[in-house]
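Here are a few exercises to work through with the structure open. Try each task before you read its solution.

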Amino acid sequence: MLRGIITLTVLAAGIAGASAATLDTVKQRGTLVCGVSTGFAGFSAPDSQGNFKGLDVDYCRALAAGVLGDPAKVRYVALTAQNRFTALQSGEIDVLYRNSTQTFLRGTTLGLRQGPVNFYDGQGFVVKKDLGVKELKDLKGATVCVAQGTTHEVTLGDYGRANGIDWKPLVFDRVDTMYQTFFGGRCDAMTQDASALAGAVATAAPKADDYVVLPQTISKEPLGPFTRNGDEVWSDIITWLHYGLIEAEELGVTQANADEMAKSQVPAIQRLLGASGDLGSRLGLDNKWLVAAIKAGGNYGEIFERNVGKASPLKLERGLNATWSRGGLMYAIPFK
């Protein structure tokens with residue numbers, strides 16, 4: 001019996017050590033290496049000074065603040081659809097925040113773990129207004145620009161076959177090349193996540209008012225982070241960071257008031273912000289790690305509005321990305 005206990009103890013210790021691998025690496029390195037897109041407006045795109053901005057970038061900054069105490073301690077690696085998962089599998093990056101749809105096959109065949117969804121989207125289409133297209137059936141025979149190695153490429157073919165629409169895909173391995181081609185007039189339509197299309201029109205179109213994103217979507221595109229299998233502690237940190245940003249919005253904790261709210265007598269706020277309990281230390285972090293994360297860029301609502309909401313060039317509605325109490329799907333697992 002004693003031998004069995006010893007064996008189990010050693011096994012548990014080995015698992016615990018392995019599960020904290022990325023966290024230990026990030027702490028020792030002193031920098032978070034975050035995989036982002038090569039340029040999706042509102043999510044991750046370099047500004048005129050070369051600094052990455054966007055919703056996914058703000059998650060990277062919040063993570064660095066929570067783990068390292070400084071939101072600036074991030075090195076961004078711009079990845080294409082073709083090399084994003086390989087970069088994570090090989091250890092080139094610590095976490096993938098890059099407009100990546102979560103699917104059954106990606107969750108079971110890549111050796112990667114899918115984190116919580118941080119943006120609910122759907123595959124849409126953009127066309128020039130003067131083309132006169134009102135709905136997808138009007139695109140029969142149309143040439144459609146689509147990115148290679150994405151769920152969009154597969155779904156485009158599936159939907160066309162199922163609905164008798166013989167569109168002609170024109171496939172690109174780089175998103176920027178696809179944008180140049182579409183806005184140059186070579187394709188009748190372009191398909192991508194509806195949010196990305198809104199960003200493309202706002203930032204890459206010669207004249208935004210000449211284009212319209214059609215209201216119909218043809219898929220569910222739940223976007224979220226990816227980590228490596230077998231790295232439980234790190235994956236848990238990614239998970240609870242998201243829930244923390246949602247919980248902060250629900251409880252009224254903002255970038256501006258996080259320090260003051262940490263003095264609250266409300267039990268749920270005390271637990272979230274580390275004033276009571278040991279929820280941070282259970283992840284190998286400072287108990288007030290979420291205070292630092294929220295101060296880096298705000299709660300989920302603040303991050304959404306600044307990057308893709310009404311205060312941004314994309315001007316997207318919250319829709320499914322509203323909190324559950326406001327008719328959306330964003331729902332934080334309780335911090336207790």
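**Exercise 1.** Is Tyr 211 buried or exposed, and which ring does Tyr 211 pair with?

*Solution.* Keep in mind that this is a predicted model. Start with accessibility: Tyr 211 has a relative accessibility of 8%. The cut-off for buried is under 20%, so Tyr 211 counts as buried. Next, look for the partner: Phe 182 and Tyr 211 make a tilted aromatic pair, with 5.7 Å centre to centre and 55° between the planes.

**Exercise 2.** Work out the strand order of the five-stranded open sheet, and say which strands stand at the edges.

*Solution.* Read across the sheet and you get 10-9-11-8-12, with mixed pairing. The edges are strand 10 (168-172) and strand 12 (211-213); each has a single partner strand, so one side of each is left without a neighbour in the sheet. On average, neighbouring strands here are turned by 30° against each other, direction ignored. Now zoom in on strand 12: strand 8 (residues 123-128) pairs with strand 12 in the antiparallel sense, over three bridges. For a spot to check by eye, take Val 127, whose bridge partner in strand 12 is Val 212.

**Exercise 3.** Find the strands that helix 7 and helix 8 lie across, and compare each helix with strand 11.

*Solution.* Take helix 7 (residues 175-183) to begin with: it lies across strand 8, strand 9 (143-147), strand 10, strand 11 (189-193) and strand 12. Its angle to strand 11 is about 145°. Then take helix 8 (residues 194-204), which lies across strand 8, strand 11 and strand 12. Helix 8 runs at about 125° to strand 11.

**Exercise 4.** How many aromatic pairs are there, and what geometry do Phe 85 and Phe 226 show?

*Solution.* The count comes to 14 aromatic pairs. Among them, Phe 85 and Phe 226 are edge-to-face, at 5.2 Å centre to centre and 65° between the planes. That pair links distant parts of the chain: Phe 85 is in helix 4 (residues 84-89) and Phe 226 in strand 14 (residues 226-228), 141 residues apart. As for burial, Phe 85 has a relative accessible area of 11% and is buried, and Phe 226 is buried at 0%.

**Exercise 5.** Which residues form an aromatic cluster with Phe 304, and which charged end sits over the ring of Phe 304?

*Solution.* The cluster brings together Phe 43, Phe 119, Tyr 300 and Phe 304. Over the ring of Phe 304 sits the charged end of Arg 318, 5.1 Å from the ring centre.

Definitions and conventions
Residues numbered from 1 in each chain as written. Predicted model: local features only at pLDDT ≥ 70, side-chain atom pairs only at ≥ 80, totals over all residues. Heavy atoms only, no water. Pairing = 2+ DSSP bridges. Helix = DSSP H or I, 4+ residues; strand = E, 2+ residues; numbered from the N terminus. Axes fitted to C-alpha atoms, helices over the stretch in contact; angles between N-to-C directions. Contact = heavy atoms within 4.5 Å. Phe/Tyr/Trp six-rings, centres within 6.5 Å; stacked < 30°, edge-to-face > 60°. Buried < 20%, exposed > 50% of the residue type's maximum accessible area, 1.4 Å probe, protein only. Lys NZ or Arg CZ within 6 Å of the ring centre and 35° of its normal.
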